[in-house]
Amino acid sequence: MTGTPDAKQPASPIVGIDLGTTNSLVAFHDESGPRILAPSDDEAIMPSAVRYNADGSLTVGREARAEAVAHPTRTVSSVKRLLGRSIDDAKDDLPYLSYEVVAGDHATARVRLPEGRVVSPQEVSAEILRALKRRASDALGVDVQRAVVTVPAYFDDAQRQATRDAGRLAGLDIVRIVNEPTAAALAYGLGTGIGSGIDSGGEPRTVAIYDLGGGTFDVSILRITPTDTDRDDASQTDAAGTGFFQVLATAGDTRLGGDDIDQQLVKLFLAEIRDQLKISESVADFDAFPPETRRAMIAFAEAVKIRLSSDEAAPVRIELGDGQTYERTMTRDELEQMMHPWVDRTIDACRQAMHEAERASGETPEIDAVVMVGGSTRIPMVRRAAHDCFGVEPYTALDPDRVVALGAAVQAGIMSGSASGSLLLDVIPLSLGIETQGGAVAKLITANSTVPARATEMFSTSVDGQTSIQIAVYQGEREMAEDCRLLGEFHLSGLPPMPAGIPQLEVEFRADASGVLGVSAHERRSGKRAQLQVIPNHGLTRDEVEAIERDSLTHARDDMTRHRVVDLIVNSKLDLKWIGERLERFGDTLDTGYRDELSTKLSELRTLVERAQADWRSVDANAFANAKQSLDEASVRLQEVSITESLKQDHP
């Protein structure tokens, strides 16, 4: 590409976002390559935590997580494990969450705040995305409106659509959803740190991406093929791209991550505390503890786990109250014994992915490199297991917490033109089909099909005179509908009555490059058509998303006014304290008229503060601001008197 640097950067840049269970990041790709966007390197990683304050304001990121123990029922974290899930899907996680999760419409898992307000995981995720959007806009000096967002490779259609809805609510156009392992491969393969662990002299190579984060696990087997193998430096870094990335297979578990180990540690601590205090399990059940205690214990367990990734032992000490203390030393060997089933589940998925890759390519893939992604891959046992499974020393040149965001930025760069020459061929994680007579599932797009994908199938009716057909769309690998996940249903109505078997119903599935499904149906004899983007039964409907957007616009003025009133309360209380103290101290030196004027203004402002604290709608924001300003202006003389008197006291 030629031209000035300004010409290379589009007017509306595309950023890459890693929306993680534990942490999130935003990155950008330009002529210098991909980089994380943040106020400072220390703040590059933003905790995926949102606190809904009692005054209606929000706290997102580092501060929200740091103060989570003090605000357990208002701080929502690990919400990615609820995204696009039903309340039944989430039931195993609920005891370990300090906030309340309830069933919403369509059996969705939603968060209920102490004052009764219910928010969806999409809305919580939107606040995280909105904070990343602001961060990117500040760093680039232009309003960011487009993004490539990563998701676990094993996210199903409901979870992908929920992610897209979250972006929409945050004011972001998600131009592409990329699987996290694929993004990691892009980061390693396009000039951001290729080393001897991956480089094979410009020859095609097969790479396993082992991605274990806070809440999810994915493994992908990729074939990376350089397009310019004749160049002497073909194996060196090249920000313009070196070929195409084909995902041969993917496998994983959207409920397997570091959070699960934290929960296992909590279970161990609780069991030993019960034994020590000789109390029944029901009395010391984790659910029975106050939210702040549950939040503190999870945080403590996480700290022990992290400590044991570098040390052989970690002290454990928990004050139980009434002079009792639970104390022990946790060793790495103990932790690893506990982790065996958890790690084995990741290895089972690796073997499944290898088997699927063999079916896709027709031969047993020889793994040239193993890339470790996600904070949980820092655990020594995890790295050993990956090495033993693939027979290759894991490659960890890039920070496992940042590599996915960097790869998302690379894909964004490809789409915006700042990086070129590469083709990304991703796959759909689970088969898609429709329910047929008898409750079976006819699969139209099978698992690990390259996206975008399109498939059509002909069906007919089984009852004479049928004038409408209900089409139920399922996702999963089982043969019966009852064993798969229902994504949604729609009807093709208005058909002329015909004998059974005569109608010719053509059903088409289209999975776009982000793996999101669209379905259409066409009855050929009558010409009737129906189409939709499937709305999962446990996701937000289009109407709900649009209603949330409308509410944000409808209530924008109220929200801004409320924010203004909250700020006025805080600043006015400082004024009341400062001016009141000085009036009490130096009032005798003031003339009666001025002293009474200040007392009256203080009383008026104090009344407004008390009313606003009780109900922010009960005050006029402009009148409130005027009252504060009037007191400030009137108190100038008092300030002068206080300074003068203070100087006299200091220098008698």
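In this predicted model, three strands form an open sheet, in the order β6-β5-β7. Strands of a sheet pair through backbone hydrogen bonds, and the pairing can be parallel or antiparallel. Here the pairing is antiparallel. Strand β6 covers residues 58-60 and strand β7 covers 75-77. These two are the edge strands, so called because each pairs on one side only.

Strand β5 spans residues 49-52. It is joined to β7 by 3 bridges, and the two strands run antiparallel. Find Ala-49 to see one of these links: its bridge partner in β7 is Ser-77.

Helix α3, residues 121-140, lies across β5, β6 and β7. Its direction makes an angle of about 110° with β5.

Then turn to a pair of helices. Two packed helices are described by the angle between their axes and the distance between the axes. Helix α8 is made of residues 332-361, and helix α9 of residues 380-390. Their axes come within 9 Å and cross at roughly 35°. The crossing is right-handed.

Which residues make the contact? On the α8 side they include Trp-342, Val-343, Ile-347 and Met-354. On the α9 side they include Met-381, Val-382, Ala-385 and Phe-390. Charged residues take part too, among them Arg-332 and Glu-336 of α8 and Arg-384 of α9. Over the whole contact, the residues divide into 13 nonpolar, 1 polar and 3 charged.

Technical notes:
Residues numbered from 1 in each chain as written. Predicted model: local features only at pLDDT ≥ 70, side-chain atom pairs only at ≥ 80, totals over all residues. Heavy atoms only, no water. Helix = DSSP H or I, 4+ residues; strand = E, 2+ residues; numbered from the N terminus. Contact = heavy atoms within 4.5 Å. Axes fitted to C-alpha atoms, helices over the stretch in contact; angles between N-to-C directions. Left-handed = near helix turned anticlockwise from the far one by under 90°.
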